[in-house]
Amino acid sequence: MNVDTTNMRLFVLSTVIAYSFLLPNASSQTRIADYRAGSQATTSPLIDVIQDGSFETGSPNDFWTEASLNFGTPLCTVANCSAGGGSGPRTGEWWAWFGGIAEIEEGSIDQNVMLDVGTAVLTFWLEIPVVCDSPDDYMEVLIDGVQEFLVDGTSTLCGVSGYSEQTVNLDAYADGGLHNIEFHGGILATNGETTNFFIDDVSLENEEITTILPGLDGVLETHNLTAVYPNPFNPQAQFSLEIAEQQRVRIEMYDALGRRVATLYDGTLGAESVHQFQIDGTYLPSGSYMVRAIGERFADARQVTLTK
Ligand SMILES: [Ca+2]
């Protein structure tokens, strides 16, 4: 079988897009390479790290630590506590009720959660079904003892029937560590009545963000970055990059001290072509260099030596 290699070669050449660069003098580039600037982030699915956010394992609870000055626990069912002049639970049979007595009352529920590095958003549902007794009555959310949410007796939700959704950004705590989340209420019964804060359906959605640093080879099998050739070179060399999917790509060149000496390309590259890059080290000193290519779905690097 005869293969028309002439036509095949023409076809390959026709898909090559060439880029050529004259590299600047490295001595004029004093900026230390910021490796994070060349990083990319990938995210994982949202994971709710709260255990039993609807309190349906009841009391004593398997996941929440409970405390209440007058009742032993803020966790309630209608059978145990009545509906408190409001909805009772939002879902299921159990909810957390802070208040419920015309005396000084303090209650809390808390649990420890592990948060991956990334984002974290706390969501819960709040109802304050009866007219608030005192502006000083309050319910707060504490993370590691730090107040991140507060509602008190001045809230427009006082006396409103029905739950409303509350969200609190907790990104600052998404650091790969263990954190304590606590709902805590204090009722003073200043005017001889109570204030009721109802909580149900707590979730804490954590989205892990993984940073992929440039230079990690073969993160995804979606590209082909050739070696730089010739190697060693003087003063010109070339390499090519082929990618499986169109994406934004940045190609940078670093010296042996990690200083970026050139940005060879920063923009969108198509998948239909072999992209050929030529570098010219006329104004660079001899030495070892690294060419890093960072796309949205890959990162790769090649070493090359300039010998004059
Ligand atoms: Ca519930």
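I took strands as DSSP runs of E of at least two residues, numbered from the N terminus, and I called two strands paired if DSSP finds at least two bridges between them. The model is predicted: local features need pLDDT of at least 70, side-chain atom pairs count only at pLDDT 80 or more, and totals for chains, interfaces and linings use all residues. Residues are numbered from 1 along each chain as its sequence is written.

I found an open sheet of 5 strands in the order 4-7-12-9-10, with antiparallel pairing. Strand 4 (65-68) and strand 10 (146-152) are the edges, each pairing on one side only.

Strand 9. I looked up both partners of this strand. Strand 9 (residues 138-143) pairs with strand 12 (residues 178-187) in the antiparallel sense over 6 bridges, and M139 stands opposite G185 in strand 12. Strand 9 also pairs with strand 10 in the antiparallel sense over 6 bridges; here L142 stands opposite Q147. The two form a hairpin with 2 residues between them, and D144 in the turn has a positive phi of about 50°.

Core. A nonpolar core is a set of buried Ala, Val, Leu, Ile, Met, Phe, Trp, Tyr and Cys residues joined through C-beta atoms within 7 Å; buried means 20 or more other C-beta atoms within 10 Å of the residue's own, with C-beta atoms placed from the backbone. I noted 39 residues in the largest one, where W95, A96, L126, F197, I199 and L204 have the most contacts inside it. Strand 8 gives the largest share, 6 residues. Apart from this core lies another of 26 residues, among them F277 and Y289.

Conventions. Helix = DSSP H or I, 4+ residues; strand = E, 2+ residues; numbered from the N terminus. Buried ≥ 20, exposed ≤ 12 C-beta atoms within 10 Å, placed from the backbone.
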